[in-house]
Amino acid sequence: MRNLRIVVINTVIHDETDEALHAQAERARVLRIGLLEAGYDIIASLPPDMYLPERIGQLQPDMIIVDAESDARDVLEHVVIATRDERRPIVMFTEDQDPESMEAAVEAGVSAYIVAGLQSERIKPVLQVALAQFKREQKLLDELSDTKSKLAERKVIEKAKGLLMERQRFTEEQAYQKLRSMAMSKNLKLSEVAQRILDVEDLLG
């Protein structure tokens, strides 16, 4: 199994005092050491700007790590936009302890929100848990989507059956067998044939 390909998003520091710059540099160093020691592949370090979605799309990372000093909410907006069309596990290391920021991060899809916990030895287990959590959530979302899709298909089939029963005086079983026969002859799903029947009905008024 190949190593995780990771993009690190570093915040742009606004307080450019020596102390603040040193603190940010130290955080970046600890994060990089932890990732390299764990065997992860850091493919890029990016700023949270308007070009982030395009860069994420080009790089196709397996995971996104956000190193946010105190402006977690602002950074999160860019990350959410960047992962809107293709979800990825997101881990946020931050000094922002505001409960509202935490809640907003989790709501936006952050898999792990770690406050004041950037020690190199903790990085690997944190990422492993975040990845497992993401996979679990993704599985639940896929199952929910599949259930909704099947329910929608069933409604279409039932509606088409009702139309055949009304127009051709079929029994429910006859209507179902008619749909099934049409689906087999056209090599289509039952719901696709049902939708075509409903579309024709709409066209004919």
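This note goes through the predicted model point by point, from its overall build to single residues.

1. Basis of the model. The structure is a predicted model, in which local features need pLDDT of at least 70 and side-chain atom pairs count only at pLDDT 80 or more, while totals for chains, interfaces and linings use all residues. Residues are numbered from 1 along each chain as its sequence is written, and side-chain values use heavy atoms, with hydrogens and water left out.

2. Secondary structure. The protein contains 7 helices and 5 strands, where helices (H or I, at least four residues) and strands (E, at least two) are DSSP runs numbered from the N terminus. Read from the N terminus on, the order of the elements is β-α-β-α-β-α-β-α-β-α-α-α. The radius of gyration is 25 Å, well over the 17 Å that the globule rule gives for 205 residues, so the protein is more spread out than a compact globule; this radius is taken over C-alpha atoms, and the rule is 2.2 Å times the number of residues to the power 0.38.

3. Extent and surface. Taken along the principal axes, the box filled by the C-alpha atoms is roughly 85 × 35 × 30 Å. The accessible surface comes to about 12800 Å², with 51% of it belonging to carbon and sulfur atoms; such areas come from the Shrake-Rupley method with a 1.4 Å probe, and for residues only the protein chains shown count as cover. Of the 205 residues, 36% count as buried, a term that means under 20% relative accessible area, with exposed meaning over 50% and partly exposed in between (1.4 Å probe, protein chains only).

4. Contacts along the chain. Among the contacts with a separation of 6 or more, 67% are accounted for by residues 24 or more positions apart. Contact here means heavy atoms within 4.5 Å.

5. Charges. The protein has 28 positive and 37 negative charges, whose mean positions are 13 Å apart. In this count Lys and Arg are positive and Asp and Glu negative, whereas His and the chain ends are not counted; the place of a charge is taken as NZ of Lys, CZ of Arg, CG of Asp or CD of Glu.

6. Salt bridges around Lys161. A search of the whole structure finds 8 salt bridges, each defined as a side-chain nitrogen of Lys or Arg within 4 Å of a carboxyl oxygen of Asp or Glu. One of them joins Lys161 and Glu158 at 3.3 Å, N to O; both residues lie in helix 5 (residues 120-168), 3 residues apart, which is about one turn of the helix. Lys161 is buried, with a relative accessible area of 7%, whereas Glu158 is partly exposed at 34% relative accessibility. Lys161 also meets Glu172 in a salt bridge of 3.0 Å, N to O. This second pair links distant parts of the chain, with Glu172 in helix 6 (residues 172-186) and Lys161 in helix 5, 11 residues apart. Glu172 is partly exposed, with a relative accessible area of 44%, and salt bridges that share partners join Glu158, Lys161 and Glu172 into one network.

7. A further salt bridge. The side chains of Arg167 and Glu166 meet at 3.1 Å, N to O, and Arg167 is partly exposed, with a relative accessible area of 49%.

8. Ala105 lies in helix 4 (residues 99-108) and counts as buried at 0% relative accessibility. Leaving aside neighbours within four places in sequence, Ala105 is in contact with Leu76, Val110 and Tyr113, while its C-alpha atom is separated by 9.3 Å from that of Val80, 25 residues apart along the chain. Ser111, found in the loop between helix 4 and strand 5 (112-115), is likewise buried, with a relative accessible area of 15%. With neighbours within four places again left aside, the contacts of Ser111 are Pro89, Ile90, Ala130, Gln133 and Phe134.

9. Positive phi angles. Gln60 is not a glycine, although its phi is positive, at about 50 degrees. Gln60 is placed in the loop between helix 2 (52-59) and strand 3 (63-68) and is partly exposed, with a relative accessible area of 34%. Asn187, also not a glycine, has a positive phi of about 55 degrees; Asn187 is in the loop between helix 6 and helix 7 (190-204) and counts as exposed at 71% relative accessibility.
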